[in-house]
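Open the model in a viewer and keep the selection panel at hand. The stops below are meant to be taken in order.

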Amino acid sequence: MGLEYVRITTGFEDYMPKDYVDLVKYGQFGKDYDIQELGTFKELVEEHPMCAGCFMAYFIRVFYASLPKPEDTIVIGTAGCARLQLSQAAVPFIYGNYGDTNAVASGLKRALEIRFPDKVKDVVVVAGDGGLMDIGFGMTMHSWFRRERFTTIMVDNEVYGNTGGQESGMSPKGVQLKMAPKGKKFDKINAVELAKAAGCVYVARISPTNPKRLAKTIKRAIIAARHFGPTFIHAYTSCNIEYSIPTEKVLEDARNREKKDFTFYEWMSDDVKNYFEQIESNKEGQEVKV
Amino acid sequence: MPEQKVVDTDYLLLEAPRERKFITGAQAMAEAIKRANVDMAIAYPITPQSEVMHLVGDLWAQGYLKDYYRAEEEYGAFSAIAGAARGGVRVFTATSGPGLLRGLEAIASWPGHRIPAVLGVLTRVVNAPLSIQPDNIEISYLLNCGAVVLHAENQQDTFDFTLAAFAIAEQVDVYVPVAVATEGFFVTHAKGYVDLTPEDMKLPPRNPYKAPVPPTDNEIPPARIQRDAPVQKSNFMSYLIHAVWQQEVWASTTRAMKYIYKYLGGPIEVINPDAEVFVVASGCAAAQAREAVRYSQLEGLNVGLVKVKAIRPFPEKEIREVLKNAKGIVIPEHNITGWLAKEVKAAIPNNDRVVGGPRVYGGMTLPTELIMDEIYKILGVKKERKVLV
């Protein structure tokens, strides 16, 4: 935008909602906070209707706090829990239809490139395991095959949480869920390998136990998508309701999974690797022309 | 490609000089796209539509469009159309029969998302059994989506309706998609005379800020924008928000009528308004109905034509007025369910005057003789017909 549209017209400060004034004065627009400063600045998303103890809610909080350019970011979501929180943020959000995120993002990103060839406009899909790997599978894969330049973040709670706890393609094998009354018959889909095979230039798998690492992963995925092609993050965001994880054990569960099937994994193409070496070694972390 | 200059919409549609060409319906639709200043088109193959999007792809290759790609399937194509339209560019896509049904969830959401896209519908049988032949049953599925639906009789209509569709869709008080339907093969793959506007003139570009809802481009204040928040809370405000949004969408579709008058000369065309019997038809069936009216004149029968150009918004008032003194109404159609007959019956009093048929489907042609038979029955004309075996 971006910033000139975020800022309040002189003289109108007293008439804007306090919440908005705080966003502009003490928020992330035009600034680059470290994730460890969380709690000291006005966040892009604060209120949300997620369940108590929801790890996805925590992930989305860190996600918004990690956006490299929130004033020029558009988030796209679909049916599921995540969009209940995504739609509350001070970042434009599109809710289309079931599983259509990566098709909508393809059209949107291309349109923005046509209209604003010289501006950075980050398009980020944040959708669940059902949205990306079941109902939207074809559109997810094809956006990667086409090398569309946006980021896809899968918040994997291993279940259709919002519709009442049905099996998804990402549920672990053997787990008994609704619509899988005898237990799931097949393994979790290997989304990370699919993303690599389909042409993503940056791929990560993460259990969000370490906010600093999580923030860096999100920033990298978004910045790499600007210049090189599709990027993908597979994040474990447990459903404490359907998997009966006591609220105080949610982080412990994430650490356990991190030791098993959600060990931190990061892969990037050589171009992306070279690029990050260049920008992350320069002191301001400023982007360079590719 | 020739250098194109932007001209005023009204000038291009209503006054610009025209040159006659002998082209197919698919070419006519592509010629309209060439002059419509379209930014982006997204294609997915299905017969008989594919020809249209091949030609549009060629236009992109020549530089008339800024972006074009072949999508993964129709749901993906139409969802990407929604994304691109929200990003502020002018978009076009086209489909046929089963492709329309595959993408219908996306299409049905376009009006609610306020997507001023133009959709070509080149009609085809809906399976099963598999067939690629013309049959316009799919239009019936489109009627409750909230989109404007125009039905072209021939190649000329296909050109005119498609070009006008962009002007109608992007009106601030409309801002819903416009579907332009015509019969597959009968129109798309057959040639007819089309009076084309000059190749070096095009519509003004889309202005995404002249709109009832903002584009999603982060170029307008404030930072906190929710154009269409999901409203699924179980409380009265949520019900109300959804209810008024639907009312607004359908009101927008209705408001398209004045632009249909302006750019297409109205939603219906009438021949012989004082007729005793009317044939009411849309699309290709209107061409056969026109022929039946000519036959009737030669035979001294007082028969008129009502060609329905706009199926949505449906011209209830206009049709009721024309048919008020009709003794009988014949409605020939290229589908088995007779969706046009149902629309007309719902719009007029004493609807037992309506003969629902003749209907052909599965790709059959519609012989004028079948329409004449219904006219004879209404007028009590006895005809000897020799059957040649």
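Select helix 11 (residues 284-298) and helix 14 (residues 368-379) of chain B: their axes come within 9 Å and cross at roughly 55 degrees. Helix 11 of chain B and helix 14 of chain B are therefore oblique to each other (angles under 35 degrees count as roughly parallel, over 145 as roughly antiparallel, 65 to 115 as roughly perpendicular and the rest as oblique). The axes are lines fitted to C-alpha atoms, for helices over the stretch in contact, with angles from 0 to 180 degrees between N-to-C directions. Helices here (H or I, at least four residues) and strands (E, at least two) are DSSP runs numbered from the N terminus.

This is a predicted model, in which local features need pLDDT of at least 70 and side-chain atom pairs count only at pLDDT 80 or more, while totals for chains, interfaces and linings use all residues. Residues are numbered from 1 along each chain as its sequence is written, and chains are lettered from A and ligands numbered from 1 in the order in which they are written.

Helix 11 of chain B contributes B:Gln288, B:Ala289, B:Glu291, B:Ala292, B:Tyr295 and B:Ser296 to the contact, and helix 14 of chain B contributes B:Thr368, B:Ile371, B:Met372 and B:Ile375. Contact means C-beta atoms, placed from the backbone, within 7 Å. By class, this contact has six nonpolar, three polar and one charged residues (Ala, Val, Leu, Ile, Met, Phe, Trp, Tyr, Cys and Pro are nonpolar; Asp, Glu, Lys and Arg charged; the others, Gly among them, polar).

Next, select the open sheet of five strands in chain B, with order 11-13-12-15-16 and mixed pairing. Strands pair if DSSP finds at least two bridges between them. At the edges are strand 11 (268-271) and strand 16 (354-355) of chain B, each pairing on one side only. Strand 15 (residues 328-330) and strand 16 of chain B pair in the parallel sense over two bridges, and B:Val330 stands opposite B:Val355.

Now show both chains. The contact between them takes 36 residues from chain B and 36 residues from chain A. On the chain B side, strand 4 (67-70), helix 4 (74-86) and helix 6 (104-113) each give two or more residues. Helix 4 of chain B gives the most, with nine residues. That side divides into 16 nonpolar, nine polar and eleven charged residues.

Finish at A:Lys25, in helix 2 (residues 18-26) of chain A. The C-alpha atoms of A:Lys25 and A:Arg7 are separated by 8.8 Å.

Notes:
Two residues are in contact if their C-beta atoms, placed from the backbone, lie within 7 Å.
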